[in-house]
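Biologist: I would like to learn how to read features in a model like this. Please take me through them briefly.

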Amino acid sequence: MWTIWPMPVYLMENYDYSDIGEFVNIGVGNDISISELAELIKYVVGYVGEIVYDASKPDGTPRKLLDVTKLNEFGWQAKIPLREGIKQAYERYVTNYYGQK
């Protein structure tokens, strides 16, 4: 499943706080719009309906791309692409939680 949990474990096992500093951006270095993400999720889960956007609301931050240079310098690279991670997360949800009350 696509998660971030291996990254902090990797950092804690291989580096000291003095090496890392106070903050490390977590990301993969790729940008995706909310619309693109919604369409990707729609495709992965097999949703056939329409995605409707409320044009009266603000667009939000145009870009959400994090600088992951520091993370990459520590040797961390994402191992599962976003589409596959969404697929695995959805399959896990359906298998373990769908229909439970």
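Biologist: Which residues is Met7 in contact with, leaving aside neighbours within four places in sequence?

Modeller: Contact means heavy atoms within 4.5 Å. Met7 touches Ile26, Leu71 and Trp76 in that sense. This is a predicted model: local features need pLDDT of at least 70, side-chain atom pairs count only at pLDDT 80 or more, and totals for chains, interfaces and linings use all residues. Residues are numbered from 1 along each chain as its sequence is written, and side-chain values use heavy atoms, with hydrogens and water left out.

Biologist: Which residues make up the largest nonpolar core?

Modeller: A nonpolar core is a set of buried Ala, Val, Leu, Ile, Met, Phe, Trp, Tyr and Cys residues joined through side-chain atoms within 4.5 Å. Buried means under 20% relative accessible area, exposed over 50%, partly exposed in between (1.4 Å probe, protein chains only). Here the largest core has seven residues: Met7, Leu11, Ile20, Val68, Leu71, Phe74 and Trp76.

Biologist: How many aromatic pairs are there?

Modeller: A ring pair is described by the distance of the centres and the angle of the planes. Rings of Phe, Tyr and Trp (its six-membered ring) pair if their centres lie within 6.5 Å; planes under 30 degrees apart are stacked, over 60 edge-to-face, the rest tilted. The whole structure holds five such pairs. One of them, Tyr93 with Tyr98, is edge-to-face, at 6.4 Å centre to centre and 70 degrees between the planes. Ring pairs also link Tyr10, Tyr15, Phe74 and Trp76 into a cluster.

Biologist: Why does Tyr98 count as exposed?

Modeller: Because its relative accessibility is 62%. Tyr93, at 41%, counts as partly exposed.
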